[in-house]
Each structure stands twice: as structure tokens, then as C-alpha cells.
Amino acid sequence: MAGSYAQDWQPSYTEAITLAVERERPLILVFSGSDWCAPCIKLDKWIWQSDEFRSYAKENYVLYRADFPRKKDNGLSKELVAQNRSLADRFNPKGYFPLVVLLNGSEEVLGTTGFKKVTPSEYITHLNTFIK
């Protein structure tokens with residue numbers, strides 16, 4: 001189960017945007033502090049890891065997580081850190097966590113949101129309001 005979850009998230013932003021263009025799907029770019037941000041952890045557990053979201057996302061979205069962990073054990077490669085900082089400069093200059101940005105294949109922002117205490121179904125509906 002965890003393996004299929006991991007496969008839904010693209011390993012790099014470049015791969016994610018390429019897939020978004022190829023599949024003509026919106027890209028969900030998530031700015032997360034996976035090991036220190038409580039709302040980020042809740043969003044991950046309640047929404048991203050839910051069977052309902054994973055199933056829907058597989059057919060409708062491309063996913064990329066720009067993570068900013070603080071614990072040394074969770075450190076990212078220098079390349080990934082640089083890529084995520086660059087994405088934050090472009091799409092999250094105020095440094096909100098979590099921040100969920102929906103982009104089209106041209107990297108235009110369709111909408112932004114964050115953690116909401118709703119069901120996965122309600123969150124999907126909320127995300128889709130930015131697309132239509």
C-alpha cells in the first residue's frame with residue numbers, strides 16, 4: 001500500500017510538469033514540512049494517503065511534493081533542496097505550509113489552498129473548483 005502511494009508522487013518537478021502536459025492534467029504542487037508542520041502531516045494522513053484521493057488522483061492529477069524537512073535523518077539531496085527552494089521562490093514566496101498550488105501544463109497557477117478539515121471527497125471537490 002505504501003509503495004503505490006509513493007509512486008503517485010513524481011520524483012522531480014520536471015518529470016511532474018512533463019507528465020501534466022502529456023496527460024493534459026493539472027499538477028498539484030504541495031509545499032510541505034513533512035516532519036515538523038502539524039497541518040502538513042494531517043493533510044498527508046487525512047487526504048493524500050486516503051484510498052479515495054489516491055484513486056481519484058491517479059486518473060485526474062499529476063502530483064509533486066516540494067518538501068522542506070527539518071530533521072537531519074529526513075534530509076533531501078542538494079539537487080532536490082535547490083529545486084524545492086526555486087519552486088518556493090516562484091509559487092510560495094510567503095512561505096506558507098502547507099500550501100497546495102494547482103498548475104496547468106504551462107505552469108500557470110489555477111488556484112491555491114491549504115489544509116482543510118474535510119473528507120477526501122470534499123477536498124477533491126474543492127480542488128476541482130480551480131480547474132473548471
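Why is strand E2 (residues 62-67) largely enclosed by the rest of the structure? Let's select E2 and see.

Before you click, note that this is a predicted model, where local features need pLDDT of at least 70, side-chain atom pairs count only at pLDDT 80 or more, and totals for chains, interfaces and linings use all residues. Residues are numbered from 1 along each chain as its sequence is written, and side-chain values use heavy atoms, with hydrogens and water left out.

**Stop 1: E2.** Strands (E, at least two residues) and helices (H or I, at least four) are DSSP runs, numbered from the N terminus. Six of the six residues in E2 are buried, so the strand is largely enclosed. Buried means under 20% relative accessible area, exposed over 50%, and partly exposed in between (1.4 Å probe, protein chains only). Color Val62, Tyr64 and Ala66 on one side, then Leu63, Arg65 and Asp67 on the other: both faces are covered.

Stop 2: Pick phenylalanine 31 and you'll find its bridge partner in E2, alanine 66.

**Stop 3: H2.** Next, select helix H2 (residues 13-23), where Tyr13, Ala16, Ile17, Leu19 and Ala20 are buried. Look down the axis: these buried residues fall within an arc of 160°, so they line one face of the helix. That arc is taken from the directions from the helix axis to the C-beta atoms. Thr14 and Glu22, on the other side of H2, are exposed. Just after H2, glutamate 24 takes a positive phi of about 50°.

Methods: Two strands pair if DSSP finds at least two bridges between them.
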